[in-house]
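Please look over the protein shown here, and then work through the questions and answers that follow.

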Amino acid sequence: MGAEEEKRLAAAHAVALVEAGMTVGLGTGSTAAHAIRALGKRVREGLAVRGVPTSEASAVLARTESIPLVDLNEAERVHLAIDGADEVDRRKRCITGGGGALLREKIVASAADRLVLVVDSGKTVETLGAFPLPVEVIPFAREQVRREMLALGASVQMRAGPEGAFVTDEGNHILDCRFGMIGDASGLAARLDAFPGIVEHGLFIDMADDVIVGRGDTACFME
Ligand code: 5RP
């Protein structure tokens, strides 16, 4: 089985957790897109749920799939969020934001009663850090933050978009920062949280309740 099928299996496993009446956080990326399509199928079969999309792209897909959407500001509660990730370790910590939606993803994840990450088996790692850590910055502060990241020992690449800098749904830029293997992920997250100009970063620490891994022709919860 290829990675795409593993993503689909993991996403389907997570969507099976959705119950009638839930407000569901809809993640971003190719794995989350599998979940949105699987949820759309259930909605068209009669399941009454609402989705809170974490990106404009996921909102477009959810509308195509006939999933009723609600703005986070209007949702009193998010029962369950389903999202992908770029790397996950055994403590269910992850790097996310490869698709550039980390800010809204983290906000919806933190609002949710339960965050379920869905990944293919190639995303599970012993130590986070092979995947560059996306750091979302206010454009005004981009070069200042770049210098701070270099001083922390990272190599830094500004993410490019179709016309110059990649611009997030919230109008910010992304610096992809390679810190090497991140021995102290919690410590790094805390340091990044403290920098003025950084809006958010892709380290999710103590946020995921469950990780569902697609492996071969099956998917199961990470122990
Ligand atoms: C989007 C993300 C994605 O969840 C992450 O990049 C995983 O993407 P994919 O499922 O396509 O591998 O963080 O901002």
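## Questions on a predicted model

Q: Is Ile95 buried or exposed, and what is its relative accessible area?
A: Ile95 counts as buried, where buried means under 20% relative accessible area, exposed over 50% and partly exposed in between, with a 1.4 Å probe and protein chains only. Ile95 belongs to strand S5, residues 94–95, strands (E, at least two residues) and helices (H or I, at least four) being DSSP runs numbered from the N terminus. The relative accessible area of Ile95 is 0%.

Q: Leaving aside neighbours within four places in sequence, which residues is Ile95 in contact with?
A: Contact means heavy atoms within 4.5 Å. His34, 61 residues from Ile95 in sequence, is 19 Å away in space, C-alpha to C-alpha. With neighbours within four places set aside, the contacts of Ile95 are Ala85, Asp86, Glu87, Leu128, Gly129, Phe131, Pro132, Leu133, Pro134, Ile182, Gly202 and Leu203.

Q: How far apart are the C-alpha centres of domain 1 and domain 2?
A: The domain assignment, which is automatic or from a database, gives domain 1 as 3–126 + 205–217 and domain 2 as 133–200. Between them, 14 residues of domain 1 are in contact with 16 residues of domain 2. The C-alpha centres of the two domains are separated by 24 Å.

Q: Why does the radius of gyration agree with that of a compact globule?
A: The radius of gyration is taken over C-alpha atoms, and the globule rule is 2.2 Å times the number of residues to the power 0.38. The C-alpha atoms fill a box of roughly 55 × 35 × 30 Å along the principal axes. The value agrees because 223 residues in a compact globule would give a radius near 17 Å, and the protein has 17 Å.

Q: What percentage of the 223 residues in the protein is buried?
A: The protein has 6 helices and 15 strands. Among its contacts with a separation of 6 or more, 77% are between residues 24 or more positions apart. Buried residues make up 53%.

Q: Is Asp120 buried or exposed, and what is its relative accessible area?
A: Asp120 lies in strand S6, residues 115–120, and, apart from neighbours within four places in sequence, is in contact with Ala3, Glu6, Lys7, Val213 and Gly214. The C-alpha atom of Glu5, 115 residues away along the chain, is separated from that of Asp120 by 8.3 Å. Asp120 is buried, with a relative accessible area of 6%.

Q: What is the phi of Lys92, which is not a glycine?
A: Most residues other than glycine have a negative phi. Lys92 is placed in the loop between strand S4 (87–88) and S5. Its phi is positive, at about 65°.

Q: What is the relative accessibility of Asp206?
A: Asp206 is found in the loop between strand S13 (203–204) and strand S14 (210–215). Although Asp206 is not a glycine, its phi is positive, at about 55°. Asp206 counts as exposed, with a relative accessibility of 70%.

Notes
Residues numbered from 1 in each chain as written. Predicted model: local features only at pLDDT ≥ 70, side-chain atom pairs only at ≥ 80, totals over all residues. Heavy atoms only, no water.
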